[in-house]
Amino acid sequence: MTDFFGTLIPFLLIHIICDFYLQPDSWVEAKKAHTYRSTELYFHSLLHGVGLILPAMVLGIDWRSTFCLVVIVAVTHFVIDLWKVTTPKGDKLAYFVIDQALHVLVLAAIAFHVTDGASIDAVLQHEHFFDGVLVVCAYLLILKPTSIVIGAVLSKYPIVNPADVNEVKTEVGGNTDTVTQAVTDTQIATNTPIATNSAAPITSVSPVNDESTNVSGLVAGGELIGYLERLLILTFTLVGSYAAVGFVLAAKSIFRFGELNQSANRSMTEYVLIGSLLSVVITTLIGALVSLGLGVKLK
């Protein structure tokens, strides 16, 4: 397997240099504007193919295989880039990830072909194969599945907007039963979850017009923050550096403190804390279990 990675890594290095450092912004704009009629698209694809001649020579690949390598990479790069620039909203992150994944798959397939002894069976029988699968599963679990779990838990704790509740209470003359009914009607109209706790007659109302509580910003940005936070925590956990996990939590707390300190809405603070702690607990537990399976020592 060392031979396979020893072949793939130089190929990836050339790909990174050609795709991100030797491609001017003017080429990118020209490809978007003229698609298959763009000479820059042809030059860029050919550059990727020709660039692989150097690692092929260093690795001792024969000239026939090198020629085939250049043609295959140039043609596939042209097709993949053409698909990306002709796809509506091709500038979005998802298309960028798909684009790069396809390029890497092509290079990986070529590396498999030119490497002696490399095969699917060799990969499956490698001593670290199942360790790799375990780590990949851990990273996949802490992203979307964990977000779904956190979202399901937080749905039981809707954000209360004191301004909305006070406004309703004023309009109905301060009668608790009437307030409860009025707030419930508001929840039904806005599709807000209705609390069933009999100890709290006044249920929660989602903030709509309260400028101090920007829920849309919290949800949109919070999801990305959660992904990044869990990636860092899991990575540090897998290498056994739990002290670094504490650093991540401390850094996030410092940035969040000002935002939560300025918020007059206590439920917003509790909402953020519940989400953050759930994120940390789930990720740490998954990381600890995987670390035990990998035999990672604590640092």
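Start by selecting Leu 8, Phe 11, Leu 52, Leu 69, Val 73, Leu 107 and Ile 110, the residues with the most contacts inside the largest nonpolar core, which has 16 residues. Helices H1, H5 (63-86) and H6 each supply at least two residues of this core. A nonpolar core here is a set of buried Ala, Val, Leu, Ile, Met, Phe, Trp, Tyr and Cys residues joined through side-chain atoms within 4.5 Å. Buried means under 20% relative accessible area, exposed over 50%, and partly exposed in between, with a 1.4 Å probe and protein chains only.

The model is predicted: local features need pLDDT of at least 70, side-chain atom pairs count only at pLDDT 80 or more, and totals for chains, interfaces and linings use all residues. Residues are numbered from 1 along each chain as its sequence is written, and side-chain values use heavy atoms, with hydrogens and water left out.

Leaving aside neighbours within four places in sequence, Leu 69 is in contact (heavy atoms within 4.5 Å) with Phe 11, Leu 52, Ala 56 and Ile 110.

Now colour by secondary structure. The protein has 14 helices and zero strands; helices (H or I, at least four residues) and strands (E, at least two) are DSSP runs, numbered from the N terminus.

Next, select Asp 81 and Lys 31. They form a salt bridge, with the closest N and O atoms 3.2 Å apart. The term means a side-chain nitrogen of Lys or Arg within 4 Å of a carboxyl oxygen of Asp or Glu. Asp 81 is in helix H5 and Lys 31 in helix H2 (residues 25-34), 50 residues apart. Asp 81 is buried, at 5% relative accessible area, and Lys 31 is buried at 6%.

The whole structure has two salt bridges. For the other, select Lys 32 and Asp 91, where the N to O distance is 3.0 Å. Lys 32 lies in H2 and Asp 91 in the loop between H5 and H6, so this pair ties together parts 59 residues apart in sequence. Lys 32 is partly exposed, at 35% relative accessibility, whereas Asp 91 is exposed, at 58%.

Finally, show the surface and select Leu 13, Ile 16, Ile 17, Phe 20, Tyr 21, Leu 22, Leu 93, Phe 96 and Val 97, which make a nonpolar patch of about 900 Å². Patch residues have over 30% relative accessible area and no salt bridge; nonpolar side chains (Val, Leu, Ile, Met, Phe, Trp, Tyr) are joined within 5 Å, like charges within 9 Å. H1 gives the most to this patch, with five residues. Leu 93, in helix H6, counts as exposed at 64% relative accessibility.

Notes. Areas by Shrake-Rupley, 256 points an atom, 1.4 Å probe, with all protein chains shown as cover.
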